[in-house]
Amino acid sequence: MILLKGKNAVITGCLKGIGRVTMEIFAQHGANIWACCQMPTAEFESRAKELAEVNDVSITPVYFDLSDYEQIKAGMKQIIAVKQPVDVLVNIAGITHNALFHMTTMEKMKEVFEIDFFSQMLITQQLTRLMMRQKSGSVINIVSVAGLDGNPGQIAYSAAKAALIGATKTLAGELGGYGIRVNAVAPGVIQTDMTASLPKEKFDELLSGSKLRRVGLPEEVAQALLFLASDQSAYITGQVIRVDGGMGG
């Protein structure tokens, strides 16, 4: 079943990891995509062009740095200027920081919040104005089990993701009357560059909490995003779906 035929989606973090796989799966399901990344690479542009041709969709790269509000606004203007509906927004791009609370500077705390929370809010603010005029849309935020359960050694990341969870639930209430659904997906230990940066002891400790006793795959997160982007989830909003192999109790 093709779940996103004719829908237009904005996806951030498409250069690699969960974002790259989500772009691929959404294209396979018929979505036209604005693929947002920090910077262009020949490999990424070649892959985006190949995906578009094979799946008979359009994939338009949009480049901006999440730490630069003016670049973000310019990227959103580029999308809005096309005068096409934006049916789906998937906020994936983000950073992590591994340090105990007393070893985390306020500068680093602010940096993580800028990327993992405030930039997401700016993108969402810009694009949901368009969705409000359409009276429809699906916004999906990638959060983390760390934002739900906490995670010693990741105070900045856990707190920023918790803020994004709170925003998800609040926006679901504010935007529901416009036909806009807002949900979040909370991955556990997923095979990405971000988890590869964790110390082995920390990685093994996190993985031991999974009932499936294995690392998750980006494809498994992307499938949850696909569900929330599609009409299969038309009566679901304000929810945080864990994709964590059973870490949540």
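Student: How much space lies in the largest pocket, and which residues are the closest to its centre?

Tutor: The largest pocket of this predicted model holds about 1100 Å³ of space, and of the 47 residues that line it, Ile92, Gly94, Ile95, Thr192 and Met194 are the closest to its centre. The elements that give two or more residues to this lining include α1 (17–28), β2 (32–37) and α6 (155–175), and the residues of the lining divide into 24 nonpolar, 16 polar and seven charged.

Student: What is the volume of the second largest pocket, and which element gives the most to its lining?

Tutor: The second largest pocket has a volume of about 150 Å³, and α4 gives the most to its lining, with six residues. The elements that give two or more residues to that lining are α4 (106–134) and α6, and among the lining residues are Met121, Arg129, Leu171 and Tyr178. By type, the lining of the second largest pocket divides into five nonpolar, three polar and two charged residues.

Student: Which residues of α8 are buried, and why do they lie on the same side of α8?

Tutor: The general idea is that an α-helix has 3.6 residues a turn, so residues three or four places apart point the same way. In α8, Lys202, Leu206 and Leu207 are buried; these three cover an arc of only 130° around the axis, and therefore they lie on the same side of α8.

Student: Which residues are exposed on the other side of α8?

Tutor: On the other side of α8, the exposed residues are Lys200 and Glu201.

Key: Residues numbered from 1 in each chain as written. Predicted model: local features only at pLDDT ≥ 70, side-chain atom pairs only at ≥ 80, totals over all residues. Heavy atoms only, no water. 1 Å grid on protein atoms, 1.4 Å probe; cavity = no way out; pocket = protein on both sides within 12 Å on 5 of 7 lines; lining within 4 Å. Points joined across faces, edges and corners; volume = space filled by probe spheres on them. Helix = DSSP H or I, 4+ residues; strand = E, 2+ residues; numbered from the N terminus. Nonpolar A, V, L, I, M, F, W, Y, C, P; charged D, E, K, R; others polar. Buried < 20%, exposed > 50% of the residue type's maximum accessible area, 1.4 Å probe, protein only. Arc of directions from axis to C-beta.
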